[in-house]
Amino acid sequence: MSCWIRLGIEPTKDSDAIRGAYRARLPQHHPETDPQGFQALREAYEVALRFAREEDLEADDLPGADEPSVAQRLLTAFDALLQDSTRRFDPPSWQAFNLELDQLSLEALDELCWPLLRLLLDAGPISHACAHLLAQRIGWASRMMDLAFENARQVDEFLQRIDAPDPFDTSLMNRWPVAAQLETLWYVRTLDHLYDHESLDDYRYFASLHTCVVLPADERLLHRIVVQFSQAGIGSKTFLELVSEQHRLAPQNVDWLYLLACQRSALGLEELALQAWVQLWQEYRHPKAATWLLELCARLQPQRLPLLIQAFDRLENFRDWSHDLADVTQEYGSPSQRPETLTRWFNARQLGLQGIADAFVEWRINGDELPLLAWLIDASDDPRLQVLYQHAWALHRGDVALLRRVMDAPSSPDVLDELVLQGFKYQADQLICWLTQAPIPLALNAFLGSQSAQPIIAPELLKGEPLDLSLLWMRRLRSYDARALARLDDAFELGTRGAALGGLAVQAQLAEQGLLLPAIDAQLEVWEWHRQALYLLATLEYPSLWLAAKSAACVESMNIVREHPLARLQPLLCRLNREQGDLSGLLGWLQAEDPVHAMLVRQLFGVQEALDSARLLSNDRLLECLRSDLHAFNDDLLGRMLLGSVLYHDPLIDAQQRRYLLDRITEITNPQDWFDGFRHGLIKGEPPRPPRQTLVEDEGIDSDAFYLALDVLKGLVRYGSAGVPRQKVLLRMQRAKDNPAHGLGLRFAFSALLSWSERLLLAKADSRPVPAGAFWRLGTRLGRGAFIGQVLGTVLAAPVVALLSGESTSGIAVLLLGIVFLLGATLRRLHDIGRGIPTLLVLGCLSPFFPFLPLVLFAFPGDKLPNRYGVPLDSAGEEALPGGLQAALRQLEGYRRS
């Protein structure tokens, strides 16, 4: 028989051997993982047992056989119960069997106790309710001491298993075929197991497998499967209809609304799902609603995702603080965020958001506010989105006035935007309450508004959690008077807090100079006030980063009152924007006399900033830069000596500064023979040239550039304003100064020489160019065109006038006057190209041998920049070096290259 093959044993009448074989094979065909194999094994087991019983019955029918005992009869009846599909899962049938057991004596019941359990253990999938009836009747749990340890463990696990309720009313399967009964029970129990103990992904995978299973008409089971499928995100039109009807009958039941939202989402009915999820959030603050809405926003409108995260960050609206400033209740209702909000920020960062959304997320994670401010105050392509982010920023940094702007924001027709606004208004109302009613803000306001000359701040505010809350209060941007800022600085040492207070330390520094942010009034829109204040504070606190941002150009669109500290910077910033298209290189334009400029200079001051300045720094500022970071020049000691010498000989430097520079020059030593003479020459202003080989090989210095700097220095020291280099030399100096291959000291030396030359040129230049006809002004310049005209006119007119004079004496005098006039015009022409009397003498000496040599002056163009003899002839009405010498040289260099 095939049953013996399935069981893996030889045909036998031994029931125990059959049960042992069945148990050995049972783990290989678990009813939940291999229902078909289990069913085949079960059928083989039942056939084998039936064969053994038939043999026993035949033996009992033989003459002389005893009648079956009561215990054997009940075992047979129980086995028949298990084999009967109409009674196997029917609790009344099992109850009827229990009634038969009630008729037995205790001895007979004891005899049946373990055989019945063995049959039950071998029965496969059964109804827990039915098995539990039998277990209670016989009391297996109280008889565990009679079993061996291994058997007791198996029995105990079995009894615990049947204590759990059935997944449905199993009596509903009484009329079903055995295969359908087993399949349904296995399938439903598997669903429950996966839902309770495994991930929803595993549940979703199993439930999505194609199968055909009969489910009993059990409402409890149906409701549970609907819940499971909905939670796992498995959609079903049948379930949707069922859930919709239940929600219609009980619209206030949040569970049915939640299931309705899940089914709509699973079926892709996004608009309808959105309505349900929004209702779940607005009416019940359902956490799953927040999760779904955030996922929808990330998919459809990612730029609004940070706004929605912020809007969902709802804390308890606490309004009952203790009067004790150190009480733990002080932190309730204060600015903070929920733990899941921080997780949402990190999740949003992984999405690769762009623009203002990315800047806001980074601000919330690492506190870098500057990029966000650039997006908030500059003109935007999406003003509505920008306003929402302004509201979001206000929740963390705005005072009552700005928070009221959030409260007054109009509703939006967009569902997500309206959700954002609702969340923002809830938070703004909570924050206004904290700022106006909480004990710590009230204590701070009382401290600042006290009329006492030396008010005493509550000591509780200077430590622990109250101190943190006080700093949060101060972080909110508002205007203060000078007295309030001084009191805050004395109490909290604002300068030691770094950037944590959002520019409050900068306000205190401005107040020391008599400069305050104006109060917010009705004439200026509240956000415009914050826009101007933020621009000023960002400029003074992070100038290098802020001025390099594209948004810095928005200062031109601001209507700033004269009393505002930013008004002292606006004209200069606007000028740089117009002239060079950005605000880089601002340092050289700042005036140290202005307190706002001076604060900005202190922030921008540095070695690299000095080199990058669009305008040359004065030599006293270069000296400050040298003193502030002397070690930066250690890699170019000869260049540093040269720089010190240039500054030492500049008349702008005072005696005390000269002593410092002299110490810096003399502290550098070198054992080579040429060095002492070189150092002594630097101090005298007549430095000799170091050996070229030493400069190139030992020091790694470009000897031509170094010699150029030495020559210019000697000329300036020896001749003063007359020693200002020509335009060609100035261009070479500018190229050397801008060349990053040169050492830092050498580049600074060229910067100092150019700054010195610029000062001399501006002091020499007249406000207007001298007319070409002013021939008697020999120290001025004459353009090439005017020179050609004067030469040709003199050459043609002088002989004619001499002939017409009629006398030799007068004719000679006219010719001599013509020659003098030509010499004056030639000298003025030489001045236009940066030359002087020495070149005129050279031309005069060579002219007898090369009569037409002076005509070369017709070909040379004049200097386009002011030189030591004045400004160009075509610069009438223009400012001399309007952008500074460096800007002019760079422009001229760019023109030549083009």
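Start by selecting helix H27 (residues 526–541) together with helix H30 (residues 595–604): their axes come within 8 Å and cross at roughly 45°. Angle and distance between the axes are how one describes two packed helices. At that angle, H27 and H30 are therefore oblique to each other. Now show side chains where the two helices touch: on H27, pick Thr 539, Leu 540 and Glu 541, which meet Val 596, Met 599, Leu 600 and Gln 603 of H30.

Before going further, colour by confidence, since this is a predicted model. The average pLDDT for the protein is 85, and 91% of the residues reach at least 70. Then jump to residues 56–66, where the pLDDT is below 50. Leaving aside near neighbours in sequence, that stretch has 2 contacts in the model.

Next stop, helix H2, residues 15–25. Which of its residues are buried? Select Ser 15, Ile 18, Arg 19, Ala 21 and Tyr 22 and you have them. These residues sit on the same side of H2, because the arc they cover around the axis is only 160°.

The largest nonpolar core holds 213 residues. To get your bearings there, select the members that touch the most others: Trp 277, Leu 293, Trp 393, Tyr 535, Leu 586, Leu 642 and Phe 748.

Methods. Residues numbered from 1 in each chain as written. Predicted model: local features only at pLDDT ≥ 70, side-chain atom pairs only at ≥ 80, totals over all residues. Heavy atoms only, no water. Core = buried A, V, L, I, M, F, W, Y, C linked by side-chain atoms within 4.5 Å. Buried < 20%, exposed > 50% of the residue type's maximum accessible area, 1.4 Å probe, protein only. pLDDT = per-residue confidence, 0-100. Contact = heavy atoms within 4.5 Å. Helix = DSSP H or I, 4+ residues; strand = E, 2+ residues; numbered from the N terminus. Arc of directions from axis to C-beta. Axes fitted to C-alpha atoms, helices over the stretch in contact; angles between N-to-C directions. Parallel < 35°, antiparallel > 145°, perpendicular 65-115°, else oblique.
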